[in-house]
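Welcome, and please load the model in your viewer. We will go from one selection to the next, with a short note on what to look for at each stop.

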Amino acid sequence: MNIVNTHQSEAWNGYEGRHWADHHNRYDTLVTGLNEPLFAAARIESGHRVLDVGCGAGKTTRIAALRAGHTGHAVGIDLSGPMLERARGTAEEEGITNVTFGRGDAQVHAFPRAHFDVAVSRGGVMYFADPVAAFSNVREALKPGGRLAFVCGRTTDEDETGRVWAAMARHVPLPDPAEDDAPGPMNFTDKDRIVSVLTAAGLTAHRPGKEG
């Protein structure tokens with residue numbers, strides 16, 4: 001297995017990965033409000049092949065599989081062995097059969113080329129070691145005209161998480177989002193950076209609801 005994002009791989013196969021796998025329902029509930037805008041942008045249709053990047057415990061992959069129907073299929077990829085084990089178990093418990101989970105680094109994983117209709121990610125893209133290389137690899141896995149939809153962190157003054165960061169800032173120094181492009185929740189808070197990275201990766205950014 002080719003893994004270049006070794007820091008994230010170590011974290012998500014250690015305590016963090018086991019903790020998220022054991023408490024997956026709690027974390028899915030925490031971010032459930034992100035599912036509607038993500039899948040509204042993805043516009044998954046019956047028969048679609050869907051790639052879920054950074055699928056974690058597989059909630060978004062299972063949603064994608066249900067939307068793709070019996071003639072479609074969803075593939076979830078993640079670095080975390082514990083979370084993927086939980087993803088497979090939950091899919092089996094729920095009787096979702098048109099879904100596959102695999103461990104890999106999206107930046108270098110050997111995806112089938114021009115295979116997927118849609119790629120989605122609920123936050124996983126924030127942890128790419130090299131975003132341009134990773135998005136380029138995902139782009140090559142998409143069919144011509146395929147869509148990429150993802151959600152990522154916003155600047156802390158735009159939502160309720162700002163109160164949490166403000167409380168933390170009284171005790172520890174926090175990174176400046178305008179200067180931080182390291183893997184993590186602050187990575188894509190700058191909209192211009194998102195457009196720049198996607199453009200460099202050969203993707204065309206577009207607003208939700210518009211064709212492109």
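Start with Thr-90, which sits in helix 6. Is Thr-90 buried or exposed? Thr-90 is buried, at a relative accessible area of 5%; buried means under 20% relative accessible area, exposed over 50%, and partly exposed in between, with a 1.4 Å probe and protein chains only. Select His-24 and Arg-62 as well: leaving aside neighbours within four places in sequence, these are the residues in contact with Thr-90. Contact means heavy atoms within 4.5 Å.

Before moving on, a word on what you have open. This is a predicted model, in which local features need pLDDT of at least 70 and side-chain atom pairs count only at pLDDT 80 or more, while totals for chains, interfaces and linings use all residues. Residues are numbered from 1 along each chain as its sequence is written, and side-chain values use heavy atoms, with hydrogens and water left out.

**The whole chain**

Zoom out and colour by secondary structure. The chain holds nine helices and five strands; helices (H or I, at least four residues) and strands (E, at least two) are DSSP runs, numbered from the N terminus. Going from the N terminus, the elements read α-α-α-α-β-α-β-α-β-β-α-β-α-α. Of the 212 residues, 44% count as buried. Among contacts with a separation of 6 or more, 76% are between residues 24 or more positions apart.

**Helix 2 against helix 6**

Now select residues 15-22 (helix 2) and residues 81-93 (helix 6). Their axes come within 7 Å and cross at roughly 20°. That makes helix 2 roughly parallel to helix 6. Axes here are lines fitted to C-alpha atoms, for helices over the stretch in contact, and angles run from 0 to 180 degrees between N-to-C directions. Angles under 35 degrees count as roughly parallel, over 145 as roughly antiparallel, 65 to 115 as roughly perpendicular and the rest as oblique.

Show side chains next: Gly-17, Arg-18, Trp-20 and Ala-21 of helix 2 meet Pro-82, Met-83 and Arg-86 of helix 6. By class, this contact of helix 2 with helix 6 has four nonpolar, one polar and two charged residues. Ala, Val, Leu, Ile, Met, Phe, Trp, Tyr, Cys and Pro count as nonpolar, Asp, Glu, Lys and Arg as charged, and the others, Gly among them, as polar.

**The sheet**

What is the order of the five strands in the open sheet? The order is 3-2-1-4-5, and the pairing is parallel; two strands pair if DSSP finds at least two bridges between them. Strand 3 (99-103) and strand 5 are at the edges with a single partner strand each, so one side of each has no neighbour in the sheet. On average, neighbouring strands of this sheet are turned by 20° against each other, direction ignored.

Pick strand 1 (49-53) next. Four of its five residues are buried, so strand 1 is largely enclosed by the rest of the structure. Strand 1 pairs in the parallel sense with strand 2 (residues 73-78) over five bridges, and Asp-52 stands opposite Gly-76 in strand 2. Then go to strand 4 and strand 5, which run parallel and are joined by six bridges. Here Phe-116 stands opposite Leu-142 in strand 5.

For an edge residue, click Val-99 in strand 3. Val-99 is buried, with a relative accessible area of 12%. Not counting residues up to four places away in sequence, Val-99 touches Thr-61, Ala-65, His-73, Ala-74 and Ala-91.

Bring the helices back and select helix 4 (residues 35-42), which lies across strand 4 and strand 5 and runs at about 165° to strand 5. Helix 4 packs with helix 5 (residues 59-68) at an angle of about 45°, the axes being 12 Å apart. That makes helix 4 oblique to helix 5. At this contact, Asn-35, Leu-38 and Phe-39 in helix 4 meet Thr-60, Ile-63, Ala-64 and Arg-67 in helix 5.

Finish at helix 7 (residues 131-141), where the buried residues include Phe-135, Asn-137 and Val-138. The buried residues of helix 7 pack against strand 1, strand 4, strand 5 and helix 9 (191-200).
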